[in-house]
Amino acid sequence: MKGKMIVIEGLDGSGKATQAELLTKRLENEGKKVMKVSFPDYDSPSSSLIKMYLDGQFGTDPDSVNPYAASTFYAVDRYASYKTKWAEHYNTGGIIIADRYTTSNAIHQCSKLPKEMWDEYLEWLFEFEYSKIGLPTPDEVIYLYVETSISQELMMKRYGNDKKKMDIHEKSADYLKRSEAAAAYCADRLNWLTINCVENNAMRSIDDISDELFSAVLRKI
Ligand SMILES: Nc1ncnc2c1ncn2[C@@H]1O[C@H](COP(=O)(O)OP(=O)(O)OP(=O)(O)O)[C@@H](O)[C@H]1O
Ligand SMILES: [Mg+2]
């Protein structure tokens with residue numbers, strides 16, 4: 001009795017954690033059997049290689065770790081989380097709300113490759129994560145679209161304007177721009193549902209976005 005899996009995806013600082021949390025609460029209030037998971041699973045030792053990577057221990061530029069290598073760090077972290085934390089919930093009919101998933105590899109690793117290699121990478125990635133490793137495939141991926149100029153501002157606020165607190169992805173404006181193009185490509189190619197979180201050059205309210213997200217999810221579960 002396989003459950004449902006809904007993924008909340010988006011670029012850095014787009015509101016994934018905020019929306020995943022709200023969505024989970026709203027589903028709970030509807031009496032649904034729901035569990036929120038978030039990636040990377042920083043509380044688990046399975047995130048060690050991701051921490052080393054983001055901390056710059058393999059090189060301080062995101063491009064110093066090739067997309068296939070970086071993808072495996074994130075994939076094994078998800079595998080560990082699946083096996084130890086949410087496989088049973090999911091396999092007995094529960095709903096999983098995921099703040100990031102395999103789809104984050106799609107966005108953040110495609111951005112390291114030239115566009116003509118994206119399809120080949122994506123094919124490899126999903127074969128690896130779903131078919132070979134055996135992670136569940138999402139029933140819906142919802143992409144929270146925020147222009148990078150606006151999400152950058154939110155992120156800086158969160159870090160109290162201290163750039164030193166940013167990881168190697170967050171620090172690189174060029175990398176972020178490329179990620180934005182990769183995300184738009186993936187959303188289209190992989191049929192993600194895009195929610196535009198910006199209106200009149202500013203973020204829509206958290207509740208407004210949540211209403212749209214909640215309706216979209218109710219149609220899927
Ligand atoms: N609609 C919104 N309007 C204004 N601020 C928001 C909105 N949604 C989220 N925020 C704020 O923006 C910041 C980033 O939000 P959040 O942590 O949910 O994003 P995220 O996508 O999970 O970020 P990251 O990619 O870094 O994990 C937080 O400080 C949050 O409170
Ligand atoms: Mg987050």
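**Exercises on a predicted model**

N201 is exposed, with a relative accessible area of 62% (exposed means over 50%, buried under 20% and partly exposed in between, with a 1.4 Å probe and protein chains only). The model is predicted, so local features need pLDDT of at least 70 and side-chain atom pairs count only at pLDDT 80 or more, while totals for chains, interfaces and linings use all residues. Residues are numbered from 1 along each chain as its sequence is written, chains are lettered from A and ligands numbered from 1 in the order in which they are written, and side-chain values use heavy atoms, without hydrogens and water.

**Exercise 1. Backbone geometry**

Task: Find where N201 and R100 lie, and state the phi of N201 and of R100.

Solution:
- N201 sits in the loop between β6 (198–199) and β7 (202–203); helices (H or I, at least four residues) and strands (E, at least two) are DSSP runs numbered from the N terminus.
- Its phi is near 65°, a positive value in a residue other than glycine.
- R100 belongs to the loop between β3 (95–99) and α4, and its phi is near 75°, also positive.
- R100 counts as buried, at 16% relative accessibility.
- For reference, most residues other than glycine have a negative phi, and most peptide bonds are trans.
- The peptide bond from F39 to P40 is cis, with omega near -5°; P40 is in the loop between β2 (34–38) and α2.

**Exercise 2. Packing of α4 on α5**

Task: Describe how the axes of helix α4 and helix α5 cross, and list the residues that make the contact.

Solution:
- The axes of α4 (residues 102–110) and α5 (residues 118–132) come within 10 Å and cross at roughly 155°. Axes are lines fitted to C-alpha atoms, for helices over the stretch in contact, and angles run from 0 to 180 degrees between N-to-C directions.
- That angle makes α4 roughly antiparallel to α5 (over 145 degrees; under 35 is roughly parallel, 65 to 115 roughly perpendicular and the rest oblique).
- From α4, the contact uses T102, N105, A106, Q109 and C110; from α5, W118, Y121, L122, L125, F126, E129 and Y130. Contact means heavy atoms within 4.5 Å.
- These residues divide into eight nonpolar, three polar and one charged. Ala, Val, Leu, Ile, Met, Phe, Trp, Tyr, Cys and Pro count as nonpolar, Asp, Glu, Lys and Arg as charged, and the others, Gly among them, as polar.

**Exercise 3. Packing of α3 on α5**

Task: At what angle do α3 and α5 pack?

Solution:
- Helix α3 (residues 67–91) packs with α5 at about 25°, with the axes 11 Å apart.
- The two helices are therefore roughly parallel to each other.
- P67, Y68, S71, T72, A75 and R78 of α3 make the contact with E120, Y121, W124, L125, F128 and E129 of α5.
- By class, seven are nonpolar, two polar and three charged.

**Exercise 4. Cysteines**

Task: How many disulfides does a search of the whole structure find?

Solution:
- The search finds zero disulfides, a disulfide being a pair of cysteine sulfur atoms within 2.5 Å.
- For C186, the nearest cysteine sulfur is that of C110, 4.5 Å away.
- For C197, the nearest is that of C186, 17 Å away.
- C186 is buried, at 0% relative accessible area, and C197 is buried, also at 0%.

**Exercise 5. Surroundings of Y53**

Task: Is Y53 buried or exposed, and which residues is Y53 in contact with beyond its neighbours within four places in sequence?

Solution:
- Y53 lies in helix α2 (residues 48–54) and is buried, with a relative accessible area of 0%.
- Leaving those neighbours aside, its contacts are F58, P62, V65, A70, F73, Y74, Q109, K112, I168 and H169.
- I168 is 115 residues from Y53 along the chain, with 8.3 Å between their C-alpha atoms.
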